[in-house]
Amino acid sequence: ETGMFTLDPGFTSTASCESEITYIDGDEGILLYRGYPIEQLAEHGDFLETCYLLLYGHLPTPEEKIDFDTRVTRHTMVHEQMSKFYTGFRRDAHPMAVMVGVIGALSAFYHDSTDISDPHQRMVASLRMIAKMPTIAAMAYKYTIGQPFVHPRNELSYAANFLHMCFSVPAEPYEVNPVLARAMDRIFILHADHEQNASTSTVRLAGSSGANPFGCIAAGIACLWGPAHGGANEAALNMLHEIGTVDRVAEYVAKAKDKNDPFRLMGFGHRVYKNYDPRARIMQATCHEVLNELGVKDDPTLEVAMELEKIALSDPYFIEKKLYPNIDFYSGITLRALGFPAEMFTVLFALARTVGWIAQWKEMVEDPSQRIGRPRQLFTGAPSRDYIEMEDR
Ligand code: SDX
């Protein structure tokens with residue numbers, strides 16, 4: 001028992017921790033945030049309502065929602081000195097590299113929200129992170145495309161403000177399309193939390209030492225970047241582009257089944273879901289909604305994705321291995337249609353997942369039985385032995 005992870009008696013690699021935040025039933029394909037089905041939250045609420053729910057454990061009253069939205073909106077600006085950080089990066093830096101650096105740097109700015117023993121400071125740190133992530137992510141995008149930073153506008157919704165900061169330019173007016181803003185908001189809801197995934201466990205482990213909360217989130221971002229985790233949305237779109245046409249899908253399905261071929265279908269399979277990822281269904285519907293709103297007919301990448309899903313779901317190999325599309329399978333097509341380049345996809349995942357990381361971090365820090373995480377190991381190295389002098393080797 002380390003207070004955070006409960007190790008199996010056999011000290012296997014499986015470790016677990018207790019949480020009240022998110023429930024997943026991998027066999028049934030169920031995902032609940034504080035008991036509410038993801039389908040209902042995505043349908044009826046907005047992302048800031050989901051943030052409130054994950055942080056406080058209940059749906060906000062109308063007054064609580066207005067107060068929370070106002071508090072978040074008031075923190076969307078970043079210290080002007082922060083913009084200097086970006087100029088230290090090469091223009092062709094991957095935006096995730098920028099995010100890891102800039103978010104970590106927040107720990108050098110907001111000294112009044114790093115005393116994690118103070119409930120008020122913990123909540124201020126949480127609000128600041130949720131509020132500033134869209135601004136920081138948009139600045140990372142603008143920097144890599146050489147356009148000027150765009151300041152947040154408080155009259156816009158959270159998702160609309162983000163699209164505005166990414167796509168508006170001083171030279172011409174920019175109106176956020178409400179259908180696309182709603183789709184962006186729903187995509188944020190789908191990515192908000194997902195129990196003890198790799199990046200959330202990273203944030204918990206970093207936080208268990210009492211580290212600065214901004215630094216813990218930077219650690220989570222670094223972990224999410226990997227192609228086996230949050231980087232899969234970028235990898236999935238690149239894979240669909242590589243397949244190119246529907247008639248080449250069968251060739252790639254065969255590659256994915258070949259044990260001698262390291263190729264895996266990006267956006268397929270999951271550590272927990274052995275059924276359809278409920279988020280993938282909503283993402284597929286959102287993809288169609290965005291493409292319809294943009295008047296995109298017969299998107300070849302979407303056609304390849306739908307053919308790939310159809311073949312894979314009827315293939316005995318995928319059925320036996322219980323491999324289904326996950327959230328990353330359709331998100332790339334949708335995000336590209338919204339105007340984002342592939343290297344921004346995982347940045348958007350990190351933006352949305354920040355509330356999940358923060359909620360899980362708060363839950364852990366506020367647990368009185370909490371102790372520093374210290375996963376044990378099964379030692380398989382050399383037994384004790386004497387030193388051998390150089391001349392005797
Ligand atoms: C996310 O944990 C989370 O909750 C993560 C996440 C979140 O919201 O935080 O849901 C976000 O990371 C989603 C996953 C995104 N990653 C990808 O789409 C990358 C492609 N997927 C695979 O790399 C893989 O499915 C993993 C990494 C997601 C899971 O790997 P596992 O645990 O090895 O999968 P498994 O144990 O279920 O595999 C069973 C078998 C294995 O073959 P055998 O060893 O039994 O012979 O299926 C094979 C795997 O090799 N397999 C695949 C495959 N995924 C698993 N074969 C082909 N293509 C795949 N995508």
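Predicted model: local features only at pLDDT ≥ 70, side-chain atom pairs only at ≥ 80, totals over all residues.

Mentor: Residues are numbered from 1 along each chain as its sequence is written, and side-chain values use heavy atoms, with hydrogens and water left out.

Trainee: What makes Cys287 buried and Cys223 partly exposed?

Mentor: Buried means under 20% relative accessible area, exposed over 50%, and partly exposed in between, with a 1.4 Å probe and protein chains only. Cys287 has 0% relative accessibility and therefore counts as buried. Cys223, at 25%, therefore counts as partly exposed.

Trainee: Which residues touch the most other members of the largest nonpolar core?

Mentor: They are Phe162, Met184 and Phe340, in a core of 117 residues. A nonpolar core is a set of buried Ala, Val, Leu, Ile, Met, Phe, Trp, Tyr and Cys residues joined through side-chain atoms within 4.5 Å. Beyond its neighbours within four places in sequence, Met184 is in contact (heavy atoms within 4.5 Å) with residues including Phe162, Leu335 and Phe340.

Trainee: What is the distance from an N or O atom in the side chain of Arg279 to an oxygen atom of the ligand?

Mentor: That distance is 2.7 Å. A polar contact with the ligand is a pair of N or O atoms within 3.5 Å, so the Arg279 pair qualifies. Polar side-chain atoms of Lys321, at 3.1 Å, and of Arg353, at 2.8 Å, also lie by ligand oxygen atoms. The protein covers 80% of the 1000 Å² of accessible area that the ligand has on its own.

Trainee: How do you know that Glu195 and Lys322 are partly exposed?

Mentor: Glu195 has a relative accessible area of 24% and Lys322 has 41%; each value therefore falls between the limits for buried and exposed. Phi is positive in both non-glycine residues, near 65° in Glu195 and near 55° in Lys322. Glu195 lies in the loop between helix 8 (178–191) and helix 9 (198–207), whereas Lys322 is in the loop between helix 15 (316–321) and helix 16 (328–338). Helices are DSSP runs of H or I, at least four residues, numbered from the N terminus.

Conventions: Polar contact = N/O pair within 3.5 Å; in protein donor to acceptor, adjacent residues only side chain to side chain. Areas by Shrake-Rupley, 256 points an atom, 1.4 Å probe, with all protein chains shown as cover. Helix = DSSP H or I, 4+ residues; strand = E, 2+ residues; numbered from the N terminus.
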